[in-house]
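I am opening my notebook on a structure that is new to me. Come along, and let us look things up one at a time.

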2 protein chains.
Amino acid sequence: MGLFHFEVIKECKKTRARLGKIHTPRGIINTPAFMPVGTQATVKTLTPDEVTALGADVILCNTYHLYLRPGTEIIEAAGGLHRFMNWKGPILTDSGGFQVFSLASLRKVSDQGVEFRSHLDGSLHFITPEKAIEIQEVLGSDIAMVFDECVPFPCSYGDALTAVERTTRWAKRCLRVHSRTDQVVFGIVQGSVYPELRARSALDLVNLDFAGYAIGGLSVGEPKPMMYGILDCTVPFLPERKPRYLMGVGTADCILEAVARGIDLFDCVLPTRIARNGTALTRWGKLVVRNAEYAADFSPIDPECSCYTCRNFTRAYLRHLFKAGEILGHRLLTIHNLHFTLNLMEKIRQAILEDRFLEFKSEFLNGFRITK
Amino acid sequence: MGLFHFEVIKECKKTRARLGKIHTPRGIINTPAFMPVGTQATVKTLTPDEVTALGADVILCNTYHLYLRPGTEIIEAAGGLHRFMNWKGPILTDSGGFQVFSLASLRKVSDQGVEFRSHLDGSLHFITPEKAIEIQEVLGSDIAMVFDECVPFPCSYGDALTAVERTTRWAKRCLRVHSRTDQVVFGIVQGSVYPELRARSALDLVNLDFAGYAIGGLSVGEPKPMMYGILDCTVPFLPERKPRYLMGVGTADCILEAVARGIDLFDCVLPTRIARNGTALTRWGKLVVRNAEYAADFSPIDPECSCYTCRNFTRAYLRHLFKAGEILGHRLLTIHNLHFTLNLMEKIRQAILEDRFLEFKSEFLNGFRITK
């Protein structure tokens with residue numbers, strides 16, 4: 001066992017759910033885990049201490065954004081990303097692939113890499129798999145991701161196949177140049193909604209023996225049942241003893257369904273993003289606290305929620321903060337939404353430990369209004 | 001001694017500075033004190049707990065803003081402003097006079113009151129001295145202010161005289177309708193930069209026997225030495241055993257000069273407002289942390305500062321947050337700037353206690369670059 005290893009503590013007898021621990025040089029990640037997103041080296045509105053206090057073991061930062069601003073030289077001079085932002089726990093960095101394909105203005109995609117223009121200032125950049133690893137080594141994250149080709153939904157079989165093949169070639173190049181011993185690399189399974197391409201991508205990557213495997217290119221517009229189907233026919237091709245990470249997924253229903261299908265790691269901007277316009281996550285669905293109906297509602301978002309926001313503030317006050325454009329509102333809903341999601345993960349882990357995950361899942365989804 | 005009284009603990013032998021305690025039903029205000037401003041029922045970006053932890057004994061909230069949004073009905077239904085915003089310490093509310101005269105579109109000023117249009121939606125309102133007190137009684141602040149006529153700078157002697165006479169008449173009407181026994185009212189001395197008008201205004205108000213006296217209409221554009229001169233010839237007309245409050249003043253140099261002239265209370269939006277664009281208050285002057293020169297500066301704002309921001313984050317990281325438009329930057333500078341100001345008050349109180357206020361003042365101002 002090196003600095004980094006995955007320990008499965010308990011397996012659910014009725015589903016593929018499992019309880020585990022990812023050991024990293026910077027601490028343990030209890031799985032199934034949700035990673036709050038700190039795109040620009042900050043989980044929006046919160047201090048690192050608050051993120052830790054909310055129960056996050058690990059955060060995700062975006063290579064694309066940090067490469068463009070403040071730039072790798074600054075973060076290198078700071079002594080790496082952890083020191084730059086003063087986050088002491090593990091960090092997972094994505095490779096920038098998803099952002100390059102979705103945010104930037106693409107100029108040219110070739111086997112060599114991707115030429116794109118920055119969404120910030122239009123400057124021209126060229127990212128290769130080697131470059132993506134080089135940047136992540138400078139950032140010094142604990143878990144780095146391979147540079148992959150992300151396809152949109154819908155996508156033809158032919159385009160999806162091309163992307164799978166390129167993603168495998170790029171994955172090999174990423175591994176070839178990776179050298180940090182205190183950082184591991186995860187592969188990313190592509191293949192759009194085609195089971196045979198997902199299987200092929202998974203088998204290709206498993207041959208390369210990554211420290212963990214992500215499933216990319218889902219939650220990009222396809223119906224939820226289709227996503228669950230793809231998980232059903234992808235996870236069996238991934239090794240039992242490596243963590244599995246479903247990228248960009250973070251609603252309660254999707255998390256529960258994906259955990260049941262063997263997923264250990266999640267990340268999603270949703271909890272922090274919708275906090276910005278006054279939307280709270282609750283066990284019965286979304287609550288838009290800025291709505292007029294809450295103007296004189298002096299109950300907390302959820303009377304059963306134990307977060308700082310619900311223990312101290314009313315819907316009426318939160319609504320006032322949003323109407324008045326006060327940042328404290330954004331902060332308090334971020335706290336609530338991250339608490340909701342991280343607390344859900346804690347409950348999931350407890351349920352797996354106590355052999356009642358399936359019951360917990362049914363019970364939770366029973367009271368939950370699923371959107372889209 | 002009622003629920004509210006002012007206790008002078010120690011007087012400086014070389015200046016008019018004094019150390020005191022304002023006892024209120026919601027706790028003690030150690031003076032000289034600085035009141036962070038929570039205009040819209042929140043000290044911008046911070047939770048009430050954080051404001052307390054920074055050392056604030058009391059905050060100021062703005063009647064004008066709260067009257068317009070969320071409106072007094074909502075705050076009344078919440079059980080008052082303290083419960084609405086979950087601030088457990090004392091609150092001072094201004095009367096709305098200053099905002100009505102500076103923010104709103106004035107329609108008509110008469111002896112009866114002021115007709116104005118809201119700066120939010122243009123709606124028409126009429127505020128009288130009686131109405132200003134009525135609103136503050138609903139808010140339930142611990143210290144309410146009289147409704148005064150604020151004149152701009154410069155202002156003719158005639159206009160200043162008219163405003164002083166009206167302010168006295170309005171002060172009487174405020175007292176006549178005030179009925180809450182758990183709330184006290186402070187008078188506000190006007191008179192622009194005319195010593196004889198200041199004296200007259202002070203004498204008028206002292207005859208009415210307020211619980212405390214504010215000096216209004218300063219720091220509105222007049223040179224600082226002129227403001228100090230007005231304090232020199234106003235304070236002697238105010239009672240020794242009542243707190244004195246210099247409204248809207250909060251830079252370090254002005255606080256020190258005003259404390260030396262017998263002022264006990266201050267409020268100012270400056271520390272929280274300039275935090276928003278990345279300006280930090282320090283013992284040597286202002287530091288604009290968003291400037292390019294700090295891009296790779298990995299020292300804290302002030303290595304000798306003990307605030308949360310300086311103990312945990314570098315100038316380079318703070319600059320990055322501001323360049324990236326991240327709210328955490330605004331928050332961290334608010335913490336630093338309020339710590340700076342509240343810590344200055346603590347040092348002032350300690351210096352008065354130890355009979356070395358004048359030395360402390362000289363020493364501090366010696367290293368301080370005074371602006372304007």
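**Entry 1: a salt bridge in chain B.** I started with R26(B) and D142(B), whose side chains meet in a salt bridge with 2.9 Å from N to O. By salt bridge I mean a side-chain nitrogen of Lys or Arg within 4 Å of a carboxyl oxygen of Asp or Glu. The two residues are 116 residues apart and link distant parts of the chain: R26(B) is in the loop between β2 (18-24) and β3 (27-31) of chain B, and D142(B) is in the loop between α6 (129-139) and β10 (143-145) of chain B. These labels follow DSSP runs numbered from the N terminus, with helices being H or I of at least four residues and strands being E of at least two.

Is D142(B) buried or exposed? I found D142(B) buried, at 1% relative accessibility, while R26(B) is partly exposed with a relative accessible area of 35%. My cut-offs are under 20% relative accessible area for buried, over 50% for exposed and in between for partly exposed (1.4 Å probe, protein chains only).

**Entry 2: what I am looking at.** This is a predicted model, where local features need pLDDT of at least 70 and side-chain atom pairs count only at pLDDT 80 or more, while totals for chains, interfaces and linings use all residues; side-chain values use heavy atoms, with hydrogens and water left out. Residues are numbered from 1 along each chain as its sequence is written, and chains are lettered from A and ligands numbered from 1 in the order in which they are written.

I looked up the confidence next. Chain A averages a pLDDT of 97, and 99% of the residues score at least 70; pLDDT is the predictor's confidence in each residue, from 0 to 100. The model scores ipTM 0.97 and pTM 0.97.

R331(B) lies in helix α14 (residues 327-353) of chain B and E50(B) in helix α1 (residues 48-53) of chain B, so the pair ties together parts that are 281 residues apart in sequence. R331(B) is buried at 1% relative accessibility, and E50(B) is buried with a relative accessible area of 17%.

Another joins the side chains of R349(B) and E346(B), at 2.9 Å from N to O. Both R349(B) and E346(B) lie in helix α14 of chain B, three residues apart, which is about one turn of the helix. An α-helix has 3.6 residues a turn, so residues three or four places apart point the same way. R349(B) counts as buried at 12% relative accessibility, whereas E346(B) counts as partly exposed at 38%.

In chain A I found a network of salt bridges linking R18(A), E240(A), R244(A) and D264(A).

**Entry 3: a sheet in chain A.** Three strands form an open sheet in the order β1-β2-β3 (chain A), with antiparallel pairing. Two strands pair if DSSP finds at least two bridges between them. Which are the edge strands? They are β1 (5-11) and β3 (27-31) of chain A, each pairing on one side only. Five bridges join strand β2 (residues 18-24) of chain A to β3(A), and K21(A) has N30(A) in β3(A) as its bridge partner.

Helix α14 (residues 327-353) of chain A packs on this sheet, touching β1, β2 and β3 of chain A. Contact here means heavy atoms within 4.5 Å.

**Entry 4: the helix itself.** I counted 22 of the 27 residues of α14(A) as buried, so the helix is largely enclosed by the rest of the structure. Just after α14(A), D355(A) takes a positive phi of about 55°.

H330(A) lies in this helix and is buried, with a relative accessible area of 8%. H330(A) and T45(A) are 285 residues apart in sequence and 7.4 Å apart in space, C-alpha to C-alpha. Not counting residues up to four places away in sequence, H330(A) touches T45(A), T272(A), A275(A), R276(A), F322(A) and I327(B).

**Entry 5: a hairpin to finish.** β7(A) and β8(A) form a hairpin with four residues between them. Four bridges join β7 (residues 105-109) to β8 (residues 114-117) of chain A, and the two run antiparallel. V109(A) stands opposite V114(A) in β8(A).

Terms used:
Axes fitted to C-alpha atoms, helices over the stretch in contact; angles between N-to-C directions.
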